[in-house]
Amino acid sequence: MRNQRAYSVQQFRWSRVHPALVSGQALYAVTSQRTAAVRCFFRGQDDLSGSCGILAVGTALSILGVVKASAFENAPRRRHGHVAEIWRVLGDSYFAGITVADLHQRLCALELPIKLDCALGKSSEIDSAVIRWLSSGSLAITAYENVRNHYKHHVLACGLGGIQNGKTQTVDSIYTIDSGAPEPMLAAYNGVMQRGAALPYQRDSKHRLKAHQWQYQTAHCDGVETIQLIGAIRIGIQQKA
C-alpha cells in the first residue's frame, strides 16, 4: 500500500501596487516616456478646501504619464496642453469639492488618452469594482464616507493586499495615496483600508465591522476611521489601436 503523506497548506500575506509605482524618498513612478523613475504629482489638501478630488486626478495622471508633476503644480497658470484643459474643467471644484458622478462626467468630457469607468450604488458593489480594477492594473479614484460623522473624502486607490491560502486568494486591504496625509516615503502609498484578517485586533461583536465597511488609517496620522465606499472611478491608459 502506498504511503500517504499529509501536506500542510502554505499560507502567506501578499501585497501589490500599480506596476508603475516605485518606492523612494517621495512618490515616484516609471512612465512610458521615461526610462528612469520620475517624481509624481502630490500635494497635501489644506483644511479649508475640497480639493481632494482634483488632487487625486493629478496624482493618477502623473503616475500614468499623461501629465508631468511640474505642469500640474502650476495648473492655474497653464494656458495650453492637458493640464490647462483639466484646470478649466475641474478648477472650480478645488474649494467647493465634487461628487463622484460629477467628477466622472467632467473627466469624460476631457480629450485625454485615458479610459474611465464609474461605480456608484451599493458599497458592496463599489468594493468589488475597486478590487477588480486594481487587480487588472488600473488606478481608482475612490470616495468614502465616515460612518460616524459622515465626512466624505476622495483618495487614489493604488494597490491591494491580502492572504494566499493554498490556491485561494483573499483581499483584505486596499492601499491608497491620500492628499490628507504626508507624501509617501519609502513606500508607494500612505493610507490603507483594512478588514477581516488584516485588522491588528478583532473587536467585540458590538463594534465589529459590517460586511461593506473598512477601517481606514493613514501614515503619521492618529486615529482609525470606520468607513464605507460611496463611489469610485477607474482610470487607466487608453491603448492605441
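Modeller: Gladly, with the reminder that this is a predicted model. A search of the whole structure finds five aromatic pairs, and one of them is formed by tryptophan 87 and tyrosine 94.

Colleague: What makes tryptophan 87 and tyrosine 94 an aromatic pair, and why is the pair called tilted?

Modeller: Their ring centres lie 6.1 Å apart, and rings pair if the centres are within 6.5 Å. The angle between the planes is 55°, and since stacked needs under 30 degrees and edge-to-face over 60, the pair counts as tilted. Ring pairs also link Trp87 and Tyr94 with Phe95 into a cluster.

Colleague: Are tryptophan 87 and tyrosine 94 buried, exposed or partly exposed, and how do you know?

Modeller: Tryptophan 87 has a relative accessibility of 25% and tyrosine 94 has a relative accessible area of 21%. Buried means under 20% and exposed over 50%, so tryptophan 87 is partly exposed, and so is tyrosine 94.

Colleague: Why is the contact between aspartate 172 and arginine 13 called a salt bridge?

Modeller: The N to O distance between their side chains is 2.8 Å, and the cut-off is 4 Å, so the pair qualifies. Aspartate 172 belongs to strand β8 (residues 168-177) and arginine 13 to strand β1 (residues 11-17), so the bridge ties together parts that are 159 residues apart in sequence. Aspartate 172, at 4%, is under the 20% limit and therefore buried, whereas arginine 13, at 44%, counts as partly exposed.

Colleague: What makes glutamate 183 and arginine 39 a salt bridge?

Modeller: Their closest N and O atoms are 2.8 Å apart, which is within 4 Å, so this pair qualifies. Glutamate 183 lies in the loop between β8 and β9 (191-194) and arginine 39 in strand β4 (residues 38-39), so parts that are 144 residues apart in sequence are tied together.

Colleague: How do you know that the charged end of arginine 195 sits over the ring of tryptophan 214?

Modeller: The charged end of arginine 195 is 3.9 Å from the centre of that ring, and the distance limit is 6 Å. Arginine 195 also meets aspartate 127 in a salt bridge, at 3.2 Å from N to O. This bridge links the loop between β9 and β10 (213-218), where arginine 195 lies, to helix α6 (residues 123-135), which holds aspartate 127, and the two residues are 68 apart. Both arginine 195 and aspartate 127 are buried.

Technical notes:
Residues are numbered from 1 along each chain as its sequence is written. This is a predicted model: local features need pLDDT of at least 70, side-chain atom pairs count only at pLDDT 80 or more; totals for chains, interfaces and linings use all residues. Side-chain values use heavy atoms; hydrogens and water are left out. Rings of Phe, Tyr and Trp (its six-membered ring) pair if their centres lie within 6.5 Å; planes under 30 degrees apart count as stacked, over 60 as edge-to-face and the rest as tilted. Buried means under 20% relative accessible area, exposed over 50%, partly exposed in between (1.4 Å probe, protein chains only). A charge sits over a ring if NZ of Lys or CZ of Arg is within 6 Å of the ring centre and within 35 degrees of the ring normal. Helices (H or I, at least four residues) and strands (E, at least two) are DSSP runs, numbered from the N terminus.
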